[in-house]
Structures are given as C-alpha cells and as structure tokens.
Amino acid sequence: MEILFWNIRERRKKPGEALENLIVMSAKIGRNDPCWCHSGKKYKICHQAFDEKITKIRDAGHIVPDHDLIKTPEQIAGIKESAKINIAVLDYLEEHIHAGMSTEEIDRMVYERTTSMGGIPAPLHYQGFPKSVCTSVNDQVCHGIPSEDVILKEGDILNVDASTILNGYFSDSSRMFCIGKVSPAKEKLVKVAKECIAEGLKEVKPWGFLGDMGQAVHDYAYAHGYTVVREIGGHGVGLEFHEDPWVSYNSTRGTEMLMVPGMVFTIEPMINMGKVEIYIDEENNWTAYTEDGKPSAQWEVQVLVTEDGYEIISY
Ligand code: MF3
Ligand code: CO
C-alpha cells in the first residue's frame with residue numbers, strides 16, 4: 001500500500017489532516033489482507049495492533065512515523081551492507097590521517113576506498129556538493145569542503161563525515177580525528193561530544209520519543225559548559241540520504257517523533273566549545289562555522305530502533 005509522505009513541518013501545521021490520513025490508510029487494509037510490511041503475513045497477526053497503538057499515540061497529539069519510515073528486514077540488510085563500506089572507509093582514515101596532509105587527500109582516499117568496495121560516496125554532487133566527503137576543521141561546524149589549501153597541522157581537530165550508497169541503500173557516520181597533540185580543552189570537547197552520543201543512545205528504544213534522546217544529548221553537553229548547534233540536526237536515512245524525521249538535540253523529553261522498531265536515523269550533534277551561534281560560508285554556501293571562532297566537535301552514528309532498544313548500524 002502506498003502511504004502519503006508528510007514531512008515533519010507539514011505534520012506540525014496540519015496535525016488533523018495527518019491523523020485522518022493514517023486512519024483512512026489503516027481502514028483500507030482488511031484484517032485478512034497481507035500486511036503493509038511485506039512480511040507476507042495477514043495484517044491482523046502482523047502490524048494491526050501496532051497501527052492501532054500508533055494511532056492512539058497520534059490521537060494524543062504526538063508526531064508518529066509513517067509506514068514508509070519503517071524499514072523491512074530486507075532493507076535493513078541492504079543498509080547494513082552499505083554501512084560496512086562506510087565503517088571500513090573511516091577505519092582506513094584512522095590509519096592514514098596525519099599532520100601535513102591536505103583535506104583534499106582525505107577526499108581522494110574516501111573516493112578510492114568507497115568505489116573500490118563497490119560503493120558511491122553519497123555527498124558527491126549531492127545538491128551540488130563538490131566532493132566525496134565533508135572535512136570540518138576546528139571552528140568549522142560541519143560541511144567543510146576538502147581542499148588542497150587546507151593542510152592539517154598538529155593541534156587541529158577534524159571531523160570526517162562519510163556517507164555511502166550501495167545498491168541504493170544509504171549509510172552515514174562521522175568521527176573526530178585529533179591531529180598530533182591537541183590542547184586539553186580541545187581534547188575534552190572531542191571526548192564529551194562522543195559521550196553525548198552515548199547519552200543519547202541510552203534513550204533510543206521503541207515507544208520512546210526522539211525528544212528523550214535530544215534532551216539527553218543537550219543536557220549532557222550543557223552540563224560540561226558546551227552548547228549544541230540548533231539549526232543543523234540528524235535525519236532519517238537508509239532509502240534516501242535525508243529522510244524524515246529531522247532530529248534535533250535541543251528538544252525535550254516526550255516531544256518529537258515517536259520511535260518504533262525499524263526506524264533508522266542519525267545521532268550527530270554538533271557541540272560548540274563556546275557560543276551556540278553559527279553562520280554559513282557565503283562563498284560556498286555549505287560550510288558552517290562557529291560565530292565566535294571557537295572549536296566545534298561532532299561524532300555521528302546511524303542507529304536502527306529494534307524491538308528492545310537499538311542497534312548501531314554505522315559509526
Ligand atoms: N553526512 C552529512 C549528514 O550527516 C551530509 C552532508 S550533505 C553533503 O547529513 F552534501 F555535504 F554531503
Ligand atoms: Co547525517
């Protein structure tokens with residue numbers, strides 16, 4: 001069955017309509033019809049109770065996922081194959097990133113490693129992005145564009161954000177790299193940014209809300225004196241590079257989209273050492289920088305919501 005796609009902003013504008021849509025949709029499947037999830041089972045013994053539970057939660061005013069955000073076992077297997085490449089690329093970079101090299105060299109390695117394993121770097125030509133990977137140094141918050149002119153030097157902190165397409169399935173994760181010896185302040189920022197992910201992950205479970213995760217990340221960062229970028233967040237990912245939901249880390253417990261088994265999204269908070277404000281490079285229209293010039297750190301994992309918690313798909 002085809003389900004209408006509602007993005008999160010539309011949902012907020014027209015909750016009534018979205019609710020009606022789900023009811024109409026569920027009403028269309030007979031109890032003995034095959035389930036929408038392609039399990040081959042009858043709806044009544046597969047997802048009927050699940051849909052009824054979701055409808056109640058939506059009735060209570062929450063944002064809930066459409067069926068098309070719930071991945072089938074086959075799709076999950078495909079996304080995991082894609083993630084194997086993404087993980088291998090980042091592992092490779094851990095062995096090869098060093099002071100004195102340019103971020104352009106990192107881009108070349110990502111392109112070469114990804115394609116040699118049969119994948120396509122998802123960033124390449126994505127909405128005009130010119131390179132295969134994002135490399136963001138120091139006060140660059142995200143979407144740094146690899147360049148011959150950016151030479152890594154001792155003391156830099158670097159985020160490399162890699163994304164892969166394999167057989168139409170998308171994976172996405174990023175890691176921080178400390179170049180040589182970095183200052184204790186930067187080292188702590190990088191460590192706390194990673195711990196933010198661990199705090200968020202504790203809240204990833206079915207029938208919880210993305211806001212539970214978002215608040216956990218936010219509170220942990222602020223408890224360490226840091227701020228969490230507001231304008232750029234995580235996203236659903238798997239069949240497309242960027243799917244619903246949009247994932248905020250400035251959200252509060254009990255708000256944002258309901259998490260259900262089969263959803264795949266990223267946790268990728270950008271943690272600023274100083275003020276929260278950012279701006280976008282006017283020349284390339286991509287790279288975000290901290291307004292105050294202080295460093296920013298980001299790790300990203302791609303997670304699957306399972307029956308009893310979560311599974312990390314890419315890191
Ligand atoms: N990997 C980034 C993310 O987490 C994607 C950036 S878009 C690109 O969403 F075009 F710059 F790659
Ligand atoms: Co992402």
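Reply: Rolling a probe the size of a water molecule over the atoms shows where empty space is left. Here, the second largest pocket lies between domain 1 (2–69) and domain 2 (73–314), because both contribute residues to its lining. A pocket is an open set of points on a 1 Å grid over the protein atoms alone, where a 1.4 Å probe fits, with protein on both sides within 12 Å along at least five of seven lines; lining residues have an atom within 4 Å of a point. The model is predicted: local features need pLDDT of at least 70 and side-chain atom pairs 80 or more, while totals for chains, interfaces and linings use all residues. Residues are numbered from 1 along each chain, chains are lettered from A and ligands numbered from 1 as written, and side-chain values use heavy atoms, without hydrogens and water.

Me: Which residues lie nearest the centre of the second largest pocket?

Reply: Of its 19 lining residues, His47, Ile70, Lys71, Pro261 and Glu307 lie nearest the centre. The lining comprises 11 nonpolar, six polar and two charged residues, with Gly counted as polar and Asp, Glu, Lys and Arg as charged.

Me: How many residues does each domain bring to the contact?

Reply: The C-alpha centres of the two domains, whose bounds come from an automatic or database assignment, are 30 Å apart. Each domain brings 15 residues to the contact (heavy atoms within 4.5 Å).

Me: How much area do domain 1 and domain 2 bury between them?

Reply: The size of an interface is often given as the accessible area lost when the parts come together. Domain 1 and domain 2 bury about 1,300 Å², 69% of it on carbon and sulfur atoms (1.4 Å probe, summed over both parts).

Note on methods:
Buried area = accessible area lost by both parts, 1.4 Å probe.
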